[in-house]
Amino acid sequence: MNTHKKIYTLMLSALLVAVGTVIPMFMPKVIIGPMSFTLASHVAVMIAIFISPQVSIIVALGTTLGFFVSGTPFIVVLRALSHIVWAFAGGMYIKKHPMTFESPSKTFIFNIIIALLHAIGEIIVVIPFYMGTMDVHSFIYMVFGLVGIGTAIHSAIDFMVSLLVWKALSKNASIVSISNVKKVYFIKQA
């Protein structure tokens, strides 16, 4: 990669970190119990996946740091840190299979797998915080219901938003030149 592309990639990573840090401050939230789900809070990390595995790690770490310095509860910071796993896995898969988003069915499957990895990561993070602090039914509701199913649904919705944003961003030749995903199709192409 030449110096110009490296600088452009770094600048784009920084912008995605900034966007990923600012979105939770302004977007609508759905709060159920101690959990909150902020619309589009994963979009910056998901867009980073389309660029490269390295950018996905940078943005996941940067947004985690943003949550940490903003005084977000520690459990939320750790949940954000878990995004490194699914972001890197998604970035690596796309690097090897860049045509994935040219097929709506492959895009759907990718979305479901990322949502499941995302949910599993966050479940693993919250288990120590809730284990032994409540009865079994409440634990299952909180950890597997709100965190697990809630995160999977939230992730899938944010991924669809990310696809729409990427569809617009991919019209920029400079962005496409440094990314693994070149095209996104929402319907099967003839």
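Is Phe 110 buried or exposed, and what is its relative accessible area? Phe 110 is buried, with a relative accessible area of 6%; here buried means under 20%, exposed over 50% and partly exposed in between, with a 1.4 Å probe and protein chains only.

Colleagues, a word on the basis of these values. This is a predicted model, in which local features need pLDDT of at least 70 and side-chain atom pairs count only at pLDDT 80 or more, while totals for chains, interfaces and linings use all residues. Residues are numbered from 1 along each chain as its sequence is written, and side-chain values use heavy atoms, with hydrogens and water left out.

I turn now to the aromatic residues. A search of the whole structure finds eight aromatic pairs; rings of Phe, Tyr and Trp (its six-membered ring) pair if their centres lie within 6.5 Å, and planes under 30 degrees apart count as stacked, over 60 as edge-to-face and the rest as tilted. One of these is the tilted pair of Phe 101 and Phe 159, at 6.0 Å centre to centre with 40° between the planes. Phe 101 lies in the loop between α5 (83–96) and α6, and Phe 159 in helix α7 (residues 136–169), so this pair ties together parts 58 residues apart in sequence. Helices are DSSP runs of H or I, at least four residues in length, numbered from the N terminus. Phe 101 is buried at 0% relative accessible area, and Phe 159 is buried at 1%.

Phe 159 also forms a tilted pair with Phe 110, at 5.6 Å centre to centre and 45° between the planes. Since Phe 110 lies in helix α6 and Phe 159 in helix α7, the pair ties together parts 49 residues apart in sequence. Phe 50, Tyr 93, Phe 101, Phe 110, Phe 159 and Trp 166 form one aromatic cluster.

Next, the charged residues. Glu 122 lies in helix α6 (residues 104–130) and is buried, at 2% relative accessible area. What does Glu 122 form a salt bridge with? The partner is Arg 79, the closest N and O atoms being 2.6 Å apart; the rule asks for a side-chain nitrogen of Lys or Arg within 4 Å of a carboxyl oxygen of Asp or Glu. The pair links distant parts of the chain, with Arg 79 in helix α4 (residues 74–81), 43 residues from Glu 122 in helix α6. Arg 79 is buried as well, at 11% relative accessibility.

Finally, Glu 122 touches His 42, Arg 79, Ser 82, His 83, Val 147 and Thr 151, not counting residues up to four places away in sequence; contact means heavy atoms within 4.5 Å.

Technical notes:
Helices (H or I, at least four residues) and strands (E, at least two) are DSSP runs, numbered from the N terminus.
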